[in-house]
Amino acid sequence: MFADEPPENLVLPGDTLPIPLPAPTAKGAAMKVGPGLAHIPPDTIIPVIAGELNVDEKKRMIWVESDGKRYTPHLHDPVIAIINRSSSDFYHCTIPHSRSTTALLPHLAFENATKKTRPQLNPGCVVYARISLASKHMDPELECFDAATSKAGGFGELKGGMLFDVSLGMARRLLGDGKKLRQLKIRQGLVRAEGETGKKVKGAMCSGLEVVEELGQRLGFEIAVGRNGKVWVDSEDVRTTLCCGRCIVESEFLTGEEQRRLVREKIKEFGL
Amino acid sequence: MAPLSPHPTATLSCLHRADGSASFTHNSTQILASVNGPMEIRARDEHYSKAVLEIIIRPSIGVATYREKYLESRLRGALEPIVLKSMAPRTLIQVVVQIVQVGELGMKKVGATNANEYTPLLLLPSLITTSLLALLDASVPLTSTLDTFLVTVNPSNTDDLDSQIHINPYTSPPLLYTSTSAHVLVYSTSISSPPDWRSREGPYHLTDEAGPETINDSPQQGDLVFVESEGRFSWEVWERVEWLVRRECMGLSGKEDDVNMDVDEEIVVREGDEGRKWGKGMMARLVREVVGKKVGRELRWRK
C-alpha cells in the first residue's frame with residue numbers, strides 16, 4: 001500500500017479555482033459548469049464540494065470529480081430502480097440511494113407498449129431505466145425505452161441476478177467515465193497513453209474497468225450498472241454471479257493491476 | 001498518561017452505511033459524526049425551497065439533556081451559514097454527532113469556583129470540525145470550509161495582554177481550567193460564497209432572485225461566521241482576541257512583529273498566499289489534509 005496523495009487540483013468548498021477557466025472560443029460562447037461548482041453572478045465560480053477539479057478546454061466544461069453515496073437524479077442517467085406498486089398509468093418505483101424515495105415509470109414507457117400490451121411488473125421487480133425528467137423540486141420520472149427510436153436499447157426489467165452496492169464514483173467508472181477521463185488527460189498531456197499491446201506503461205492512467213475486462217475474459221456474465229450506485233449481475237449459476245459481484249464491490253479502491261490480481265484470486269477462491 | 005499533543009487527527013468514511021462520516025481524536029477527546037442526506041423528509045418538516053438541517057448530539061454517557069440541546073443550537077449556528085440548502089429543496093440533511101469520550105476538554109465551567117458548574121464550550125471546536133469533515137465526506141454542497149479556534153485568557157500570569165491570550169491551548173489543560181474567559185471563533189475560509197438567496201424567506205424572495213446584490217449577505221473570505229464567549233472579559237480583550245485569531249487564521253504567526261498595530265489596520269497578506277489567504281489555522285489545515293487524503297484514495301484506481 002502506498003500513501004494516498006491528494007490530487008494536484010484538489011479543491012475544497014469555497015476555494016479559488018487552481019486552474020484558469022477555459023477561454024471563450026467565440027464571443028458569447030457558452031461554458032458548461034458541471035457538478036460540484038456554483039456560479040456567482042457575474043463571473044465567479046466556486047467549488048461547493050471537495051474533489052478534483054477538471055477542465056475540458058475543447059468542450060468548454062469544468063467540473064469537480066468526486067465520490068459520494070447519495071445519488072441526485074440527472075436527465076438521461078441510467079439507473080436501477082425497484083418497482084413499489086402499480087397505479088392506473090404508472091409504476092411507482094424506488095431509486096435506491098436517491099434523495100427522493102419515489103419515481104414514476106409510465107406503463108407506456110416500454111418498447112412496443114400499448115394500452116393493451118403493457119409489461120406486467122410486480123412489486124419488487126428490478127428495472128433498468130433512464131431518467132426522463134429530473135428537477136430538484138419534483139420527483140423524477142423514468143422510461144425504459146428510447147423515445148426517439150422507441151427501441152428498448154438495453155433498458156427494461158432485469159430478471160434474476162443479484163444487486164450489489166458500489167459508490168457513485170465507481171458506478172460512473174463502470175459506465176465508462178474513467179475511459180473518457182483518461183482520453184481527456186492524455187490529450188492534456190497529464191498522463192501517458194497506454195501502449196498498443198495493453199502492457200502497463202509507467203505514468204499511464206487506468207480506466208477503472210480492469211476488473212470487468214478481466215472478469216469478461218474468464219467468466220460469462222451479464223451486467224447492468226445504474227448511476228445510483230447499484231450493479232446488477234446475472235450469469236448461469238449463482239457462484240459466478242456472486243464472484244463477479246464481489247470482485248466489483250471489492251475493487252473500489254484498487255489500482256488496475258490490483259484489480260486484475262483480485263479477480264484471479266477470487267476465481268480461484270470460488271473454484272470456477 | 002500519554003503526553004498531550006497539540007495536533008488532532010481525523011479519519012473519514014469510518015461508518016460505511018452513512019453517506020459521510022468522520023472520526024476526530026485529540027488527546028483523549030474523541031468525537032464521531034455521521035451525515036446522511038439530502039434525503040427524504042417527513043412531509044410536515046419539509047421546506048418548499050430548501051433542505052432542512054437536522055443536528056443531533058449524543059453524549060458519551062446517558063441521554064441527551066439541555067446541555068446537548070445547547071450544543072446542538074451552537075453547532076447549528078456554525079454550520080447553517082455554510083450549507084447550501086437551496087441545492088436540495090424539500091429534503092433532510094441529518095448530522096448526528098456522537099461524543100465518544102470527552103477527555104481533557106472536560107466540561108468544567110470557565111472561571112467557575114464551584115466544581116459542579118459545567119460548560120460544553122471547550123468541546124465546540126472539536127464538534128464543529130468533526131461535523132464539517134463529515135459534511136465534506138458526504139459531498140453535501142457547502143459554500144465554504146471553516147477554521148475553528150479555541151482561545152483562553154489567563155490574566156493571572158502577566159500584565160501583557162498578548163501573553164494572556166492562548167490560541168488553541170490544547171497541550172495545557174490548566175490553561176483551559178484556570179482561564180477567566182474562553183472564546184470559540186470560527187472563520188470562513190471561502191474566497192467568496194454564493195448567496196443562498198433562493199432559500200431566503202419572506203416577501204423579498206422574488207426580488208432576491210432578480211439580482212446579485214445580495215451576495216454580500218453570505219460568508220465571505222475571512223468572515224467571522226460564529227463566535228461564542230464565556231467568562232468575564234472586557235471589550236478590549238475580546239477585540240485583541242479576535243485580531244490575534246484573525247492573524248493566526250491567515251497564517252501570520254507574528255505576535256512579535258507589529259504588536260502595536262492598530263486593531264482596525266488592514267492586515268497585509270504574505271506574498272504567494274494571495275490564492276488562499278485564509279484557513280491557516282490548525283483545524284483548517286487538518287480538514288485540508290484529511291480531505292485531500294480521502295480524495296486521493298478515491299482516485300487510486302487511476303494508478
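A polar contact is a pair of N or O atoms within 3.5 Å; within protein, one of the two must be able to donate a hydrogen and the other to accept it. The exercises below apply to a predicted model.

**Exercise 1.** Describe the interface of domain 1 of chain A and domain 3 of chain A.

*Solution.*
1. Locate the parts: in chain A, domain 1 spans 10-65 and domain 3 spans 163-269. Their C-alpha centres lie 28 Å apart.
2. Count the residues: domain 1 of chain A contributes eight and domain 3 of chain A six.
3. Take the area: about 560 Å² is buried between these two domains, with 39% given by carbon and sulfur atoms.
4. Count the pairs: five residue pairs are in polar contact, and three salt bridges are found. In one salt bridge, Glu65(A) meets Arg172(A) at 3.6 Å, N to O; this qualifies because the cut-off is 4 Å.
5. Assign the elements on the domain 1 side: β5 (51-56) and β6 (61-65) of chain A each give two or more residues, and β5(A) gives the most, with four.
6. Classify that side: two residues are nonpolar, one is polar and five are charged.

**Exercise 2.** Describe the interface of chain B and chain A.

*Solution.*
1. Count the residues: 53 come from chain B and 51 from chain A.
2. Take the area: the two chains bury about 4200 Å², 56% of it on carbon and sulfur atoms. On the chain B side, Arg300(B), Trp301(B) and Arg302(B) lose the most area, together 22% of what that side buries.
3. Count the pairs: there are four salt bridges and 16 residue pairs in polar contact. Arg302(B) forms a salt bridge with Glu52(A) at 3.0 Å.
4. Assign the elements: α7(B) supplies the largest share of the chain B side, 10 residues.

How values were computed
Residues are numbered from 1 along each chain as its sequence is written. Chains are lettered from A and ligands numbered from 1 in the order in which they are written. This is a predicted model: local features need pLDDT of at least 70, side-chain atom pairs count only at pLDDT 80 or more; totals for chains, interfaces and linings use all residues. Side-chain values use heavy atoms; hydrogens and water are left out. Contact means heavy atoms within 4.5 Å. Buried area is the accessible area (1.4 Å probe) that two parts lose on being put together, summed over both. A salt bridge is a side-chain nitrogen of Lys or Arg within 4 Å of a carboxyl oxygen of Asp or Glu. A polar contact is a pair of N or O atoms within 3.5 Å; within protein, one must be able to donate a hydrogen and the other to accept it, and residues adjacent in sequence count only if both atoms are side-chain atoms. Domain bounds come from an automatic or database domain assignment. Ala, Val, Leu, Ile, Met, Phe, Trp, Tyr, Cys and Pro count as nonpolar, Asp, Glu, Lys and Arg as charged, and the others, Gly among them, as polar.
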